[in-house]
Amino acid sequence: MALPAGKALRVVFGETVTELADRDPRIVVLDGDGGPSTGAAMFEAAHPDRFLQMGIAEQNMLGVAAGLATVGFVPVVSGFACFVVGRAFDSIRVLIAQPRLNVKIAAGYTGLLTGRTGKTHQMFDDIAIMRSLPDVSVLAPADEVEAAQAIRAMIAADGPFYLQLTREASPVLFPAGYRFELGRAVRLRDGCDVTLVSTGVQSVRVHEAAEILARRGVAATVLHVPTIKPIDTDSIVAAAQESGLVVTVEEQSVLGGLGGAVAEVLSGHYPVPVKRLGIQDTYGESGANDALLDKYRLSARVVAEDVETWLRQRPAGQLLTHPEGAGKR
Amino acid sequence: MSEITPGIPELEAKARQLRRETVKAIARAKAGHLGGPLSAADILTALYFRVLDIRPDQPDWPDRDRFILSKGHSCIALYVVLALRGYFPLAEVATFDQIDSRLQGHPDMTALPGLDMSSGSLGLGFSAGVGVALGAKLARRTFKTFVMVGDGECNEGIIWEGAHVAHRYGLDNLIVIVDQNRLQQFGWRLDGAGQRRPPYDGDELRDRWASFGWAVSEVDGHDIAAVVAALEQARAVAGRPAALIAHTVKGKGVSFMEDDFRWHARVPTDEELAAALAELGDPAQVVEA
């Protein structure tokens with residue numbers, strides 16, 4: 001069943017932060033000249049006095065945000081992932097993460113689909129980088145329903161946050177009554193053959209991949225992880241226990257992102273085979289969205305194929321490492 | 001402000017004491033920096049004993065003036081001045097750089113009350129100071145934000161990113177003090193001499209701040225009376241941020257450390273410590289050390 005069309009998460013960001021600021025005078029938005037692209041322009045229109053243009057200078061933008069936090073504001077920094085993380089990492093680490101200041105970093109243009117920009121603007125390691133910082137929470141919502149709630153939760157909580165947003169419109173995964181909880185993973189589907197773990201809007205494609213797999217007789221559990229840090233260890237372990245086989249899928253590098261986080265959790269708590277799907281150890285390129293998703297093996301069809309191939313090709317002996325899972329398979 | 005405003009002779013005595021405690025702390029810790037703390041000592045004394053509106057017994061007082069030591073590697077001098085001003089006992093300076101100490105090798109605002117910002121990666125403290133001053137403007141609060149940077153630190157691009165934004169927002173509640181001691185850790189070679197080329201030649205750095213639209217003034221950074229007056233003037237600037245270029249000498253106060261880049265982060269031997277303390281006055285301190 002096709003999911004309904006939804007908004008790009010950058011639009012949800014602009015709308016939600018603007019609305020929250022109507023009631024919360026602490027909120028200010030810092031823009032690094034990305035306003036029309038990131039959704040921050042909406043905030044400027046509604047709250048011009050609290051829209052702080054910082055120019056094309058991300059290191060300083062993150063530093064100014066830290067200073068604003070010390071006098072009681074809730075600075076929301078808006079920019080592209082490649083610049084706010086890639087360019088300004090030192091400011092984030094020393095001025096925001098280490099002092100645990102209440103700065104919210106909202107990164108638009110994450111992952112592969114950044115509007116035919118090519119590799120300079122395609123940041124595949126922002127999750128890996130940001131989750132490596134102690135005391136920073138890392139969020140990657142899947143759709144407009146979850147993003148709106150994740151933004152509210154992030155503003156309500158104290159401390160530094162990193163939020164992944166997206167450029168392209170994506171389908172609505174969750175019903176209106178859905179409740180996002182910080183730190184909690186969400187089971188989208190139950191199945192005994194394999195456990196698929198995903199995050200961000202890629203969870204929508206993984207959800208669709210699970211439907212394709214179901215039609216081919218493979219029953220997959222799908223666990224969506226909107227809070228990558230602090231990670232929901234219990235839910236990941238519980239989901240892994242059901243099938244004994246875990247595949248992580250993300251619109252990020254397979255080095256250090258969600259796949260890394262899940263592998264860390266499972267190696268410590270419940271060692272089972274983990275296959276990490278996502279951007280391999282490579283850079284991106286320009287191209288149409290569908291072509292990119294297929295080439296970098298993130299479309300629902302290709303994910304389903306890769307999961308099936310892995311399940312088929314795995315040496316049978318590996319199952320012995322996990323008796324419960326082997327029994328069910 | 002303390003109830004009794006100290007006069008210039010008292011401030012000079014405080015600055016000498018600050019230098020003595022700084023040299024002793026570095027010798028004791030066998031680590032840290034000396035050249036930069038000694039060049040900044042008179043300015044820090046002027047700030048903490050005369051210029052800043054602060055309450056040492058209430059370090060988080062919301063309306064206090066802020067001070068950020070962006071050249072965070074000079075923090076031993078800041079720790080000593082905070083102790084002398086009553087933020088914590090002077091004896092705690094002995095823990096500098098030791099395990100579990102609140103006095104970290106670079107300022108950590110999560111460890112020590114009285115630090116208005118963590119710093120250590122050069123240029124960042126200044127950028128945060130722009131944010132503090134901008135926040136004060138937005139919240140219509142009247143405190144001032146003072147930031148000390150080094151001239152070598154001004155190599156960092158973030159300084160000029162922040163300088164642009166501070167001017168654009170008319171942050172006349174922001175005062176940057178450039179501790180222009182004309183040396184950095186290593187810097188550029190100067191042919192035929194044991195010295196180094198300064199990070200900026202002549203008036204280059206002053207002109208640079210001016211070109212960013214800042215109200216620039218200059219002072220002898222070791223003339224405490226002049227420093228106090230210059231800081232008060234900078235504080236009164238309206239409509240734009242102020243930069244005070246303080247002409248200083250790296251290692252000031254100890255003849256064999258002065259103007260020698262090798263004392264940026266060198267630990268004195270026992271003999272050098274004794275010689276330094278002898279130069280810095282107060283025989284009682286020398287005996288005690």
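Two residues are taken to be in contact if their C-beta atoms, placed from the backbone, lie within 7 Å. In this predicted model, and with residues up to four places away in sequence not counted, A:L163 touches A:K104, A:I105, A:A106 and A:A107, together with A:L139, A:A150, A:I151 and A:M154. A:L163 is also one of the three residues, along with A:A65 and B:L244, that touch the most other members of the largest nonpolar core, a set of 204 residues. This core draws at least three residues from each of domain 1 (9-164) and domain 2 (186-319) of chain A. In soluble globular proteins, nonpolar side chains tend to be buried together.

The domain assignment of chain A gives two domains, domain 1 spanning residues 9-164 and domain 2 spanning residues 186-319. Taken over C-alpha atoms, the centres of domain 1 and domain 2 of chain A are separated by 27 Å. The contact between them takes 24 residues from domain 1 of chain A and 31 residues from domain 2 of chain A. On the side of domain 1 of chain A that touches domain 2 of chain A, at least two residues are supplied by each of α7 (126-131), β5 (137-139) and α8 (144-156) of chain A. By class, that side of domain 1 of chain A comprises twelve nonpolar, six polar and six charged residues.

A further position in chain A, A:M42, is placed in helix α3, which covers residues 40-46 of that chain. A:M42 is classed as buried because 22 other C-beta atoms lie within 10 Å of its own, where the criterion is 20 or more. Neighbours within four places in sequence left aside, A:M42 is in contact with A:G14, A:E15 and A:T18. A:M42 and A:T16, which are 26 residues apart in sequence, lie 9.8 Å apart in space, C-alpha to C-alpha.

Between the two chains, the contact takes 24 residues from chain B and 23 residues from chain A. The elements of chain B that give two or more residues to the side touching chain A are α4 (124-138) and α5 (157-168), and α4(B) provides the largest share of that side, eleven residues. The side of chain B that touches chain A has, by class, twelve nonpolar, ten polar and two charged residues.

As regards confidence, chain A has a mean pLDDT of 95, and 95% of its residues reach 70 or more. Over residues 319-329 of chain A, however, the pLDDT is below 50, and this stretch has 16 contacts in the model beyond near neighbours in sequence.

Definitions and conventions. Residues numbered from 1 in each chain as written. Chains lettered and ligands numbered in written order. Predicted model: local features only at pLDDT ≥ 70, side-chain atom pairs only at ≥ 80, totals over all residues. Core = buried A, V, L, I, M, F, W, Y, C linked by C-beta atoms within 7 Å. Buried ≥ 20, exposed ≤ 12 C-beta atoms within 10 Å, placed from the backbone. Domains from an automatic or database assignment. Helix = DSSP H or I, 4+ residues; strand = E, 2+ residues; numbered from the N terminus. Nonpolar A, V, L, I, M, F, W, Y, C, P; charged D, E, K, R; others polar. pLDDT = per-residue confidence, 0-100.
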